[in-house]
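Subject: A structure for you to explore

Hello,

Here is the structure I promised to pass on to you. Have a look at it first, and then read on for what I found in it.

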Amino acid sequence: MLLFDTHAHYDAEQFDADRDTVLAALPDQGVALVVDPGCDLPSSRAAVELARTYPHVYAAVGIHPENCGGYQGEPDLAALRVLAARPKVVAIGEIGLDYYWEENPPRDLQRRVFRDQLALAAELDLPAIVHDREAHGDSLAIVKEFPQVRGVFHCYAGSVEMAQELVRLGWMISFTGVLTYKNARRAVEAAAAVPMDRLMIETDSPYMAPVPCRGQRNTSALVRYVCEKLAEIKGISPEECARITLENGKRFFGIE
Ligand SMILES: [Zn+2]
């Protein structure tokens, strides 16, 4: 079974002690491909560097809403443009809105940075990887301002109706280990409602480890638990689910 973990942060400090060991082991653990999205300029640079080093790793570059407090506008966009031109950069991300944390940058700044990076995705003809936490209405409204951009809502947490609208708009929906949690009824319902050709799986490593590893540091090897849960929801075999989500991810990110 070959799996595509479409979202994992190997540039994160949680991997400082053993990053190379973890990444080098993935192909033997059934993980064929990984996309590492940046969360600010240094982490985007690190993601590009990891993609250069490992044949199975690809990168996305972007500024995460939690990290947009010091946003400079055009100089930051220019830096992202340079990074996006590097080999194996397959998306702009992760970008979006996070209204969950009180201490996050102001919402109007988050919306400006999100819009600027969706415009960059349109300009560069790259897909977008969107983080939407407690900001479903604004996230959907803003992506609809950019009908030329296609993307994915990662770690999907919205409603069934919103998922169906995103699918109509040509977007993808991606699920993490949250799908395996006891209280994940909403995510399970959304996964059931989205057509199989619009689904991707991910770990969001080092966070969001699936059951039975919940609470531990996550790695892409655990994406198989997400695959197994999605297969169960869809009534297909894990092998079939792995094959389809791998194909979906390759098509979406334009890999091979
Ligand atoms: Zn993430």
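How do the axes of helix 2 and helix 3 cross, and within what distance do they come? Before the answer, please keep in mind that this is a predicted model. The two axes cross at roughly 5°, and they come within 11 Å; helix 3 covers residues 74-84. An angle under 35 degrees counts as roughly parallel, so helix 2 and helix 3 are roughly parallel to each other. On the side of helix 2, the contact is made by L41, S44, R45 and V48, and on the side of helix 3 by D76, A79, L80 and L83. Sorted by class, this contact has five nonpolar residues, one polar residue and two charged residues.

Now step back to the whole protein. It has nine helices and eight strands. Its radius of gyration is 17 Å, close to the 18 Å that the globule rule gives for 256 residues, so the protein is as compact as a globular protein of that length. Along the principal axes, the C-alpha atoms fill a box of roughly 45 × 40 × 35 Å. Buried residues make up 48% of the 256 residues. Of the contacts with a separation of 6 or more, 68% are between residues 24 or more positions apart.

Eight strands form an open sheet in the order 1-2-3-4-5-6-7-8, and their pairing is parallel. Strand 1 (3-5) and strand 8 (199-201) are at the edges; each has a single partner strand, so one side of each is left without a neighbour in the sheet. From one strand to the next, the twist averages 25°.

Helix 2 (residues 41-53) touches strand 2 (31-37), strand 3 (57-61) and strand 4 (89-98), and its direction makes about 160° with that of strand 3. Helix 9 (residues 238-253) also packs on the sheet, and among the strands it touches are strand 1, strand 7 (172-175) and strand 8. The direction of helix 9 makes about 100° with that of strand 8.

- A cis peptide bond joins G93 and E94, with omega at about 10°; E94 lies in strand 4.
- Another cis peptide bond, with omega at about 15°, joins V211 and P212; P212 is in the loop between strand 8 and helix 8 (223-234).
- D125 is not a glycine, yet its phi is positive, about 55°. It sits in the loop between helix 4 and strand 5.
- C155, also not a glycine, has a positive phi of about 45°. Its place is the loop between strand 6 and helix 6 (160-168).

Are D125 and C155 buried or exposed? C155 has 23, so it is buried.

P105, in the loop between strand 4 and helix 4 (107-124), is partly exposed, with 18 other C-beta atoms within 10 Å.

Enjoy exploring!

Technical notes:
Residues numbered from 1 in each chain as written. Predicted model: local features only at pLDDT ≥ 70, side-chain atom pairs only at ≥ 80, totals over all residues. Pairing = 2+ DSSP bridges. Helix = DSSP H or I, 4+ residues; strand = E, 2+ residues; numbered from the N terminus. Axes fitted to C-alpha atoms, helices over the stretch in contact; angles between N-to-C directions. Contact = placed C-beta atoms within 7 Å. Parallel < 35°, antiparallel > 145°, perpendicular 65-115°, else oblique. Nonpolar A, V, L, I, M, F, W, Y, C, P; charged D, E, K, R; others polar. Rg over C-alpha atoms; globule rule 2.2 N^0.38 Å. Buried ≥ 20, exposed ≤ 12 C-beta atoms within 10 Å, placed from the backbone.
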